[in-house]
Each structure stands twice: as C-alpha cells, then as structure tokens.
Amino acid sequence: MSKDCRHITVFEHERLRFDRGDECLSDNLYKALDRFHGAGTPYFKLIHHGVQFTEYVGVLQVGNSLIEVLPKADRHVHTESEEKRWRDILIDMMRAVGGFDIHATSNAHLRIRPNTILDLYFELFIRETEYLLHTGLAKQYRKTEGNRTALKGSLQFAKHIQQNLTHQERFYVRHSTYDVEHRLHMILYKTIRLLRRINTNADLHSRIGSLLLNFPEMPDIPVSESLFQKLVFNRKTQRYQKAVGIARMILLNYHPDVQHGRNDVLALMFDMNLLWEQFLYVTLRKLPLEGVSVREQVPKNFWKPDTGRFARLQPDILVEWEGGNAILDTKWKNLNGKNPSPEDLRQMYVYHEYFGATKAAGTTKAALVYPGEEDSEKTGAYISPADVEQPGKSCSVILLNVPKKSAGNKPDVRKWQEGIRGKICKWLG
C-alpha cells in the first residue's frame, strides 16, 4: 500500500487500518467509509478499526481523499512500479471492453496524464462537453406556460382570470418553445457543477470553470436510473451519447454526505471478475479461425420446478465450430500453483454434460481461465463413480500471463490479446 494524504493506493482484497496513528488514515475518513458502507456497498467490508476491499477495483473519492483500488494477480511486492503497471493494465482492459472510448468524437488527445480512472473519466467528460459547446448545442421543443404580453399559443382561461384580473395587458398562455433547455443539457450542467465540487486534479480546475461559464444555466433536476432509461437519442442528439453516458456513471455513483457535507463519496468501482470475463470475450471474438462463433452468457435450462421459472446454466463464453464446441469459464483469482476449487470443477462438469450434447458428433472441451504470472495449461479427466476416467469428459486449467512492462515502460495490452488468441487457438486444436 502506498499513500499520501490525498491519494491512497491499495490492491484488491487489501486492508486499510485506521488505528495506527497515521494522520492520512484519519478517524474522519473511517467514519465516512463506515456511513457509506451502512448504505449498502459491496466494494469493501468493515473490519476492526479498518476496511478490507473486495474484488471491486476502481476509485473511491471521499471528500478530498482518493482511495484507488487496483487489481492484482501475482505475488510481487507492493511498489510504485507495480502500482503503475496494474493501473495501466486496468485502464487498458476497460478501453478494450468499451468502459470508455479514448477515440472520442473530437479526435483530440487527452490533455492530462491520468493518474487514476477518475481523472480519465473527468477528462473524457470535459472533452466531450467542450466538443458539444464548440459544435453548437442542440435545441428541442418544450411546452411552457406563463404570463405573456402577447397572445401566443393557447389561452389558459382559469389561470388567466385568476392572475390577470387587474392586468388586462397580460395573457396566461401555454405554448411551445424551441431552445436549449431540455433534459440532456440539464444532466450535463448538473455534472459540470458536481465536478467543480469534487474534482481534486489541479489540471482540470480551469477547464471545469470555463465550462461552467460558457454552458447555459439550467434548472436542477433529480437524477435516477429511470431518468436515463427514458432518454431517446435522435439524429441531432446522437453526439451526446458519450458525454451523457459518462455523466450517468458519475451522477448515479455520487453519494453526498448529508450529515456533515464535507465527505461526499464518489465511487467508480468495477467487479474485476466481470471485467476479466468481458475482456476475454472481446479478445476471443477476433479468433483467427474460420467458421468459429464466439458467444457469451448462453443460457440453458437444467431444472424445472413444479411452479415458477426454470433454473438455468450460463457459462461465461461458448465457442462453437463445425467440429465441436468449447466452454470457457473465467475466474479472476491467483491459483498460486494450487488446483481449482471443487466448486469450480463441479460447475465445469455440469457445463460439459449439458453443452456437450449440442455437439454430439464433435469434440467438447471445457476450461477454467485464470490470470497468471506465466502462460500454462494442464488438463485433468473427470472420474466416474466407479473410479474410472470418463472418456471425453475433462477440464483444462489455462493460465494467461498478465503482461509486464514493454516499450514505453507500459504493458502492451494489444500484444497480450494476440497472445491470448494464439493460446486459445492452440488449445482448441
């Protein structure tokens, strides 16, 4: 673990203790995390005078303190170079799966060197909003009503008589207005104001201030998941999708400190197991083999209750080709030279049984895929109740080496993906 009073870096499953007299790990910070945990969060669990992080990685900003949680799948010591390596790997994995797109509409390079995922999201949102301002904000029709000095639209008789009995020069009307005051801009404006409050990166302060000056002032709106689900993008507003997508993530993961107002929490955290699964799926979609279909989360019924819904099996990745199929289940954990857990092996046996029947005339392969310090593969056969190896039923354990530093002092994720595809092609035979 490394830390200063504003930026604390830990790895997943690591512990932070707040009873060691460290002014950076203050009692105030611990209480803020305690309150946030009380609201229900899977990102960490409380321990005696501290917290222990789970499989979620990303950033937690608590007031002016930033806790960065990085993935880790090896036993190397905790150094700044290791932190940088895993930070780069995390950011590049998220780029690969579309967590954020660095090739944004403006085609401009990032102006800052991001130190965390939070900096990168803030920078991308600012850049996208600057682009929207530069190209011109889209206008939309909206219904409005109120007193006017000219008759326009439809006259609202009840309110007109109520409010204008002594003001015969006015008309209370309802009419359509064509301007920039609509939901998309209200969401962006709310996000800009939030960034001004929580941003701690000095390189972004002036750009946020400039956005706040140049963006038209909008009324405040409550945000919820349903607000974003109701948004409809058309030809004119298609270019807003990236900025609104980042705004959605920031606004829905912001938790204000209603008690003291000084320790607001912004949590941009991601389940590393799901990220690993998505990363492998995106990588294997480009397998250099003909006639291969790669699908994710393919469901299959395996139990039917008397009432209610079927129970389903759903492997992470299913690879199909003319000669057979392969089931891949991804696990983000370090085996440390040990065998997979019995639960994982039992799960793969059931996958073998159900998904193997779809290719009765071909070959069925199954594998558990883990990150590792070096590439390796081993295969074990399943044993029948009569202590006899079952022909055709086996499970491989594939370890995929997480890249070290390369040219530019940075892991090369593209080469890593090429290596993964080559390894899986070789395993498929």
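Mentor: Two strands pair if DSSP finds at least two bridges between them. Strands here are DSSP runs of E, at least two residues long, numbered from the N terminus. The model is predicted: local features need pLDDT of at least 70, side-chain atom pairs pLDDT 80 or more, while totals for chains, interfaces and linings use all residues. Residues count from 1 along each chain as its sequence is written, and side-chain values use heavy atoms, without hydrogens and water.

Trainee: What makes strand E18 and strand E20 a pair?

Mentor: E18 (residues 363–372) and E20 (residues 389–401) share six bridges, in the parallel sense. The rule asks for at least two, so they pair. One example: alanine 367 has serine 396 in E20 as its bridge partner.

Trainee: How do you know that E19 pairs with E20, and in which sense?

Mentor: Strand E19 (residues 376–383) and E20 have seven bridges, in the antiparallel sense. Serine 376 is bridged to leucine 399 in E20. E19 and E20 form a hairpin with five residues between them. In its turn, aspartate 387 has a positive phi of about 60°.

Trainee: Why is leucine 318 called buried?

Mentor: Buried means under 20% relative accessible area (1.4 Å probe, protein chains only), exposed over 50%, partly exposed in between. Leucine 318 has 3%, so it is buried. This leucine 318 lies in strand E16 (residues 317–321).

Trainee: Why are cysteine 395 and cysteine 425 called buried?

Mentor: Cysteine 395 has 5%, so it is buried. Cysteine 425 has 16%, so it is buried too.

Trainee: How many disulfides are there?

Mentor: A disulfide is a pair of cysteine sulfur atoms within 2.5 Å. By this rule the count is zero.

Technical notes
Helices (H or I, at least four residues) and strands (E, at least two) are DSSP runs, numbered from the N terminus.
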